[in-house]
Amino acid sequence: MEPRFRILRCSWRDHGALLALVRQKVFAVEMRIAPEHDQDGRDPGSFHVLAVAEDGAPVGAGRLEPNGTIGRIAVLMPWRQHGVGSALLEELIAIALERGQQQVTLAAPITAQGFYETHQFQPAGCVYMEAGIPHRTMRLALGATRQARPQHLAS
């Protein structure tokens, strides 16, 4: 049986501690990325999503900046391969659609490029280093074929 979770839209002001906890566990502890690479000052003005388990424990996070940049998608290791990352990404795309954005971009670690391609993102540009990890910019056009949908609930 797949673990159950739900995706919440939230603000940094109200849920920043939980969002930061997930990101710290994934980025700082697991990936050994220096905290200053994560803490860029853009969180208060961004739109956030939080994945929570049935018991309310945070298991994933992500954000959409006002300029249409998706980032800081993080899923705790035991929750990977259970649809959490896809649910976070789809909810961020839904927010962008609701805001009338024409496209979204993200900086994909090369190891995650295939994941984003399954969500119709296209590579744009050369590979570059960010926080010591090879990345590539990826874009998704938000045309008339995509439609905003209600807040995601996953099982």
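Which element gives the largest share of the lining of the largest pocket? The structure examined here is a predicted model, in which local features need pLDDT of at least 70 and side-chain atom pairs count only at pLDDT 80 or more, while totals for chains, interfaces and linings use all residues. Residues are numbered from 1 along each chain as its sequence is written, and side-chain values use heavy atoms, with hydrogens and water left out.

The largest share of that lining, 7 residues, is contributed by β4, where helices (H or I, at least four residues) and strands (E, at least two) are DSSP runs numbered from the N terminus. The volume of the largest pocket is about 1000 Å³. Rolling a probe the size of a water molecule over the atoms shows where empty space is left. Here a pocket is an open set of points on a 1 Å grid over the protein atoms alone, where a 1.4 Å probe fits and where protein lies on both sides within 12 Å along at least five of seven lines; lining residues have an atom within 4 Å of a point. Grid points are joined across faces, edges and corners, and the volume is the space filled by probe spheres set on the points.

In total, 38 residues line the largest pocket, and F27, I73, A74, P109 and Y116 lie nearest its centre. Two or more lining residues come from each of α1 (12-30), α2 (35-38), β4, α3 (84-98), β5 (103-109), α4 (113-117) and β8 (133-141). By class, the lining is made up of 18 nonpolar, 11 polar and 9 charged residues, with Ala, Val, Leu, Ile, Met, Phe, Trp, Tyr, Cys and Pro counted as nonpolar, Asp, Glu, Lys and Arg as charged, and the others, Gly among them, as polar.

Strand β4 (residues 69-75) pairs with β3 in the antiparallel sense over 4 bridges, pairing being assigned if DSSP finds at least two bridges between two strands. Within this pair, R63 has G71 of β4 as its bridge partner, and the two strands form a hairpin with 4 residues between them, where G68 in the turn has a positive phi of about 90°. Strand β3 is also joined to strand β2 (residues 47-53), by 6 bridges in an antiparallel arrangement, with F47 standing opposite L64 in β3. β2 and β3 likewise form a hairpin with 4 residues between them, and G56 in its turn has a positive phi of about 90°. Because 7 of the 7 residues of strand β3 (residues 58-64) are buried, this strand is largely enclosed by the rest of the structure; buried means under 20% relative accessible area, exposed over 50%, and partly exposed in between (1.4 Å probe, protein chains only).

Positive phi values also occur in residues other than glycine. R32, in the loop between α1 and α2, has a phi near 60° and is exposed, with a relative accessible area of 72%. Q81, in the loop between β4 and α3, has a positive phi of about 70° and is exposed at 79% relative accessible area.

Two buried residues complete the description. H135 lies in strand β8 and has 7% relative accessibility; a polar atom of its side chain lies 2.7 Å from the backbone oxygen of I133. Leaving aside neighbours within four places in sequence, H135 is in contact (heavy atoms within 4.5 Å) with A107, A108, P109, I110, C126, V127, Y128 and E130. E91, in helix α3, has a relative accessible area of 0%.

Notes. Polar contact = N/O pair within 3.5 Å; in protein donor to acceptor, adjacent residues only side chain to side chain.
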